Structures are given as C-alpha cells and as structure tokens.
Amino acid sequence: MMATNGKDACGINGDVPSVSSHCNNDSLVNKSHSAVVNGAGTEASSHSRLQNGGTGAERFTFSPEPTIEDIRRMQAEFTDERDWNQFHQPRNLLLAMVGEVGEVSELFQWRGEVAEGLPNWTECEREQLAQELSDVMIYLVELAEKCHVDLPQAVLRKMALNRLKYPASKVHGSAKKYTEYKD
Ligand SMILES: [Mg+2]
C-alpha cells in the first residue's frame with residue numbers, strides 16, 4: 001500500500017514490486033534498506049543481538065540507538081525537505097500507519113503460526129518485515145508528535161498502569177483479561 005505521495009514513510013517508492021519479486025532483486029533491497037536506516041548506522045545481525053540476561057534464556061535485544069526522539073527528528077527532517085507536512089495531519093498519519101500494519105500482515109498471511117525468530121523465513125523476507133515494521137513505527141512516532149503526545153514518557157506511564165492492572169502475583173501464566181481478576 002502506498003503512503004503519502006506514493007511514498008512509504010521511509011521514502012521508498014510505492015511502486016516497489018511484491019514481496020516475492022522484491023526478494024529477487026538484491027540491489028533494490030539494499031537501496032531500500034539504506035533508506036530505512038537513513039544513515040543511522042549499520043544494523044547488527046539478529047544473531048548478534050541475542051543475549052542471555054542471566055535468566056538462562058536467550059532474549060533478543062535492540063540497539064540503543066536511534067532513540068524515539070531521534071526517529072521523530074529524522075522523519076521531521078524527511079517531511080520538511082519534501083514539503084509534506086501539508087499532508088501529514090493526525091488523521092492522515094493514522095490511516096497511513098494502519099495501511100502499513102496491513103503490509104506487515106501481508107507478510108504473515110497464509111503461513112500459519114510462526115515461531116519466534118522466524119526460523120523458516122529467508123533473509124529477504126526478514127528484511128521486508130524490518131522495512132514494514134519500520135514504516136509502522138515511523139508513522140506511529142510522527143502521529144504522536146503531531147498529537148503532541150510525548151511518546152517515551154507516555155509509554156512509561158502506561159507500563160506503570162499495566163503493572164497495576166495485571167499484578168504478576170495474580171496473573172502469572174494466565175492470559176485472562178484484567179476484568180476477570182477483579183474481586
Ligand atoms: Mg510499507
């Protein structure tokens with residue numbers, strides 16, 4: 001699905017081929033990837049980001065940068081340079097983000113359940129997913145900016161509320177909704 005002016009949030013032309021044909025074009029993939037990271041440094045492989053936090057289980061971790069504020073600033077520069085702020089009102093950004101969620105869904109469609117780490121996915125399919133998740137995040141961050149929501153602080157507040165709503169002592173190992181725990 002195309003975003004504003006036929007471009008994805010990261011600046012990839014909306015006319016890119018479908019996943020399968022895209023995955024057969026290494027140069028296009030590399031070009032697209034560089035647009036996603038936008039000079040923010042090379043991405044570590046997923047393998048190198050598996051860490052054992054002393055719990056005995058490996059856990060995937062993110063790079064510390066870019067921060068959410070870095071992403072907001074990079075996208076603001078991107079839209080300013082193209083005079084696209086005239087299109088990037090909150091409602092349009094919300095619809096664009098939902099469209100990008102649809103593009104993520106397409107990658108999982110018809111596969112059945114998928115194990116953590118996507119063991120049966122090709123590198124190209126993983127890169128496609130990385131790009132579509134990035135589109136979702138870029139639009140999410142810009143939507144928060146245009147709504148004047150300080151997203152990093154809002155996440156802290158919401159996590160605190162979630163801890164109150166779902167006390168670990170009550171819900172451990174259960175998927176029940178919070179209303180089912182009320183006394
Ligand atoms: Mg996209």
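A nonpolar core is a set of buried Ala, Val, Leu, Ile, Met, Phe, Trp, Tyr and Cys residues joined through C-beta atoms within 7 Å. In this predicted model, the largest such core has eight residues. Helix α5 supplies four of them, the largest share.

**Overall fold**
- The protein chain holds seven helices and two strands.
- From the N terminus, the order of elements is α-α-β-β-α-α-α-α-α.
- Of the 183 residues in the protein chain, 14% count as buried.
- Among contacts with a separation of 6 or more, 67% join residues 24 or more positions apart.

**The largest nonpolar core**
- Its members are I71, L93, A96, M97, I138, Y139, V141 and L143.
- Helix α4 (90-108) and helix α5 each supply at least two residues of this core.

**Packing of α3 and α5**
- Two packed helices are described by the angle between their axes and the distance between the axes.
- Helix α3 spans residues 68-82 and helix α5 spans residues 123-146.
- Their axes lie 9 Å apart, at an angle of about 85 degrees.
- Angles of 65 to 115 degrees count as roughly perpendicular, so α3 and α5 are roughly perpendicular to each other.
- On the α3 side, the contact is made by I68, I71, R72 and Q75.
- On the α5 side, M137, I138, V141, E142 and E145 take part.
- By class, this contact has five nonpolar, one polar and three charged residues.

**V141 in detail**
- V141 belongs to the largest nonpolar core and to the contact of α5 with α3.
- Leaving aside neighbours within four places in sequence, V141 is in contact with I68, I71, R72, Q75 and L151.

Methods:
Residues are numbered from 1 along each chain as its sequence is written. This is a predicted model: local features need pLDDT of at least 70, side-chain atom pairs count only at pLDDT 80 or more; totals for chains, interfaces and linings use all residues. Helices (H or I, at least four residues) and strands (E, at least two) are DSSP runs, numbered from the N terminus. A residue is buried if 20 or more other C-beta atoms lie within 10 Å of its own, exposed if 12 or fewer, and partly exposed in between; C-beta atoms are placed from the backbone. Two residues are in contact if their C-beta atoms, placed from the backbone, lie within 7 Å. Axes are lines fitted to C-alpha atoms, for helices over the stretch in contact, and angles run from 0 to 180 degrees between N-to-C directions. Angles under 35 degrees count as roughly parallel, over 145 as roughly antiparallel, 65 to 115 as roughly perpendicular and the rest as oblique. Ala, Val, Leu, Ile, Met, Phe, Trp, Tyr, Cys and Pro count as nonpolar, Asp, Glu, Lys and Arg as charged, and the others, Gly among them, as polar.
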